[in-house]
Amino acid sequence: MGKRWVVTDIHGCYKTMYRLLHQILKISKDDQLFMLGDFVSKGPSSAKVLDHIMDLQAQGYEVYPIRGNHEQKILDKWAWWQGEPESLRGPFAGTIKAPDLVDANGQLPQKYIDFLESLPYFIETDDVWMVHAGFDFHAEDPFRDTDAMMVIRGYEVDHAYTKGKPIIHGHTPTLFASIQRQLKEFDRGGAISLDNGCVLYHPKEGTWRSKTMGRLLALDLDTRQLYLQRNIDYVPKPMPAHSPLAKIPSWVRTLPVPVFQRLIHRIVG
Ligand SMILES: [Mn+2]
């Protein structure tokens, strides 16, 4: 029996995902990999993320992707755009946050449409629920309210519905310490966010929005251990030549952020 991994909110950060899956987790064909949606948008390489997931499935890896609100948005925009008069609609790539999904003719390739349309809204196993955002337990039938599954935040778990199993979700960027706290509720059937804000990196500032975000996490469902990879898809933009910061050699900028900031202060401060 292989391992069971959960990863969420990759948001087009292909390099970060690749390193997590293949250099840290070293996933194998005996493993199961659950991916909780928001594969695309915001980050630089949505197409490469989708291609890689499809490629893993084609190679025989057990990958179970789930639909996030950003996958739904691509499908909704595509349906809308096709219904618009050509003279009015503008390029499709301009209507989405994942323009690299669009082919040279300005179309959304059929392989992506088929993949996105095939995504389920949630998965229930013997011991957990997995969903992109969560469930609205105030809805008439929480397991039919698919909109809530993709967008809800801060919901209360109703144990009458969940049979005591925890809900693993993404969608809501959560501080690492809070994720660790939520994980302690695993056996009490709590809700656990695994979204550590991988894409929330400020390339312009060359710094993290928060020192405890900007990472892609993986949860081992059996040991309940977390694995993490910081975002490596964004590199700080080169400084304009007239900036005093441009005098700083580029290797300095690869230093950890606090060290870099201290050096900057010493040089230009
Ligand atoms: Mn989301």
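## The cavity and its lining

β2 (32-35) and β3 (62-65) each give at least two residues to the lining of the largest cavity, where strands (E, at least two residues) and helices (H or I, at least four) are DSSP runs numbered from the N terminus. The model is a predicted one, in which local features need pLDDT of at least 70 and side-chain atom pairs count only at pLDDT 80 or more, while totals for chains, interfaces and linings use all residues. Residues are numbered from 1 along each chain as its sequence is written, and side-chain values use heavy atoms, with hydrogens and water left out.

A cavity is a set of points, on a 1 Å grid over the protein atoms alone, where a 1.4 Å probe fits but cannot get out, and its lining residues have an atom within 4 Å of a point. The lining of the largest cavity consists of Ile27, Ser28, Asp31, Gln32, Leu33, Tyr61, Glu62 and Val63. By class, this lining has four nonpolar, two polar and two charged residues, with Ala, Val, Leu, Ile, Met, Phe, Trp, Tyr, Cys and Pro counted as nonpolar, Asp, Glu, Lys and Arg as charged, and the others, Gly among them, as polar.

## Helices α1 and α2

Two packed helices are described by the angle between their axes and the distance between the axes. Helix α1 (residues 14-24) and helix α2 (residues 46-58) have axes that come within 9 Å and cross at roughly 30°; axes are lines fitted to C-alpha atoms, for helices over the stretch in contact, and angles run from 0 to 180 degrees between N-to-C directions. α1 and α2 are therefore roughly parallel to each other, given that angles under 35 degrees count as roughly parallel, over 145 as roughly antiparallel, 65 to 115 as roughly perpendicular and the rest as oblique.

Tyr14, Met17, Tyr18, Leu21 and His22 of α1 make the contact with Lys48, Val49, His52 and Leu56 of α2, contact meaning heavy atoms within 4.5 Å. Six nonpolar, two polar and one charged residues make up the contact of α1 with α2.

## Helix α5 and its partners

α2 also packs with α5, at an angle of about 70° and with the axes 11 Å apart, which makes α2 roughly perpendicular to α5. In this pair, Ala47, Leu50, Asp51, Ile53, Met54 and Gln57 of α2 meet Lys111, Tyr112, Phe115 and Leu116 of α5.

Helix α3 (residues 69-83) packs with helix α5 (residues 110-118) at an angle of about 125°, the axes being 10 Å apart, and α3 is therefore oblique to α5. Glu71, Ile74, Leu75 and Trp78 of α3 and Ile113, Leu116 and Glu117 of α5 make this contact, whose residues divide into five nonpolar, no polar and two charged.

Key: On a 1 Å grid over the protein atoms alone, a cavity is a set of points where a 1.4 Å probe fits but cannot get out, and a pocket is an open set with protein on both sides within 12 Å along at least five of seven lines; lining residues have an atom within 4 Å of a point.
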